[in-house]
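Reader: Please take me through the model shown below, beginning with a single residue and ending with the whole chain.

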Amino acid sequence: VARWDGSAWHPLGSGMNHWVYALALDGQGNLYVGGDFTTAGGVDASHIARWDGNAWHPLGSGINGVVMALALDGQGNLYAGGDFTTAGGMNANYIARWDGSTWHPLGSGMVGSWDPSVSALAVDGHNDLYAGGQFTNTGGVDANYIARWDGSAWHPLRRGVGGAYPTVWALAFDEQGNLYVGGSFTSAGDQHARNIARWDGSTWHVLGSGVNYFGPYPYVNALAVDGRRNLYVGGSFERVGGKSSSNIALW
């Protein structure tokens with residue numbers, strides 16, 4: 001992990017002892033970091049830690065598996081998703097909330113038929129949390145690879161996404177509240193959607209002909225929206241909307 005100040009790179013203490021997969025900044029200058037590590041700055045920190053600008057801090061006793069996604073809501077809650085089953089020693093199947101001092105599960109978490117995990121998180125303007133990954137059930141509710149947490153219960157996004165081996169890898173909101181969903185899938189709701197789609201709060205929409213690859217496994221694993229409603233898409237693909245585009249494109 002490192003910081004770029006506009007002209008030079010800076011380390012964050014002595015960094016981590018293994019991979020970092022997720023970053024999130026709060027309004028107080030704290031950086032939250034998740035990944036597959038067990039120490040941060042030489043301090044025991046099980047898969048998640050906080051950098052205050054000068055030093056690393058653990059978040060309680062941490063998480064017992066890899067953290068793949070982080071998101072903060074407007075109330076100061078930090079959400080972590082990944083491949084884990086406990087957070088702070090409490091049962092938390094693949095997703096958990098840190099309130100600044102304690103870890104909390106989100107209902108009974110996620111269930112999947114094969115290798116369940118949460119790999120993408122995003123918070124909307126109402127502080128609802130959206131989670132994507134490899135799962136088919138959330139809190140006893142059928143939810144195909146994507147779901148919404150309203151603070152007390154899970155809700156599906158209609159039929160979610162589908163395909164041979166579907167996974168949601170990336171989520172991003174625009175200023176109008178549209179949720180863009182990227183991953184490895186061939187349908188969203190009842191729409192044919194190739195690896196990317198848009199959820200408007202009630203209905204799924206396709207983005208042209210989506211992204212494709214001459215090989216067998218195209219996917220989208222990064223999304224970002226700018227202030228002009230442009231969506232930037234990264235992943236493993238060779239064509240977007242019928243045009244050649246090597247791994248990155250603008251919608």
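**From one residue to the whole chain**

Author: S117 lies in strand 16 (residues 117–123); strands (E, at least two residues) are DSSP runs, numbered from the N terminus. This is a predicted model, in which local features need pLDDT of at least 70, side-chain atom pairs count only at pLDDT 80 or more, and totals for chains, interfaces and linings use all residues. Residues are numbered from 1 along each chain as its sequence is written, and side-chain values use heavy atoms, with hydrogens and water left out.

Reader: Is S117 buried or exposed?

Author: Buried means under 20% relative accessible area and exposed over 50%, with partly exposed in between (1.4 Å probe, protein chains only). S117 has a relative accessible area of 8%, so this residue is buried.

Reader: Which residues does S117 touch, not counting residues up to four places away in sequence?

Author: Contact means heavy atoms within 4.5 Å. With residues up to four places away in sequence not counted, S117 touches M68, G82, D83, Y94, G133, Q134 and F135.

Reader: Which residue in strand 33 is the bridge partner of V240?

Author: Strand 32 (residues 239–240) pairs with strand 33 in the antiparallel sense, over two bridges. In strand 33, the partner of V240 is K243.

Reader: How many helices and strands does the protein chain have?

Author: Helices (H or I, at least four residues) are also DSSP runs. The protein chain has zero helices and 34 strands.

Definitions and conventions
Pairing = 2+ DSSP bridges.
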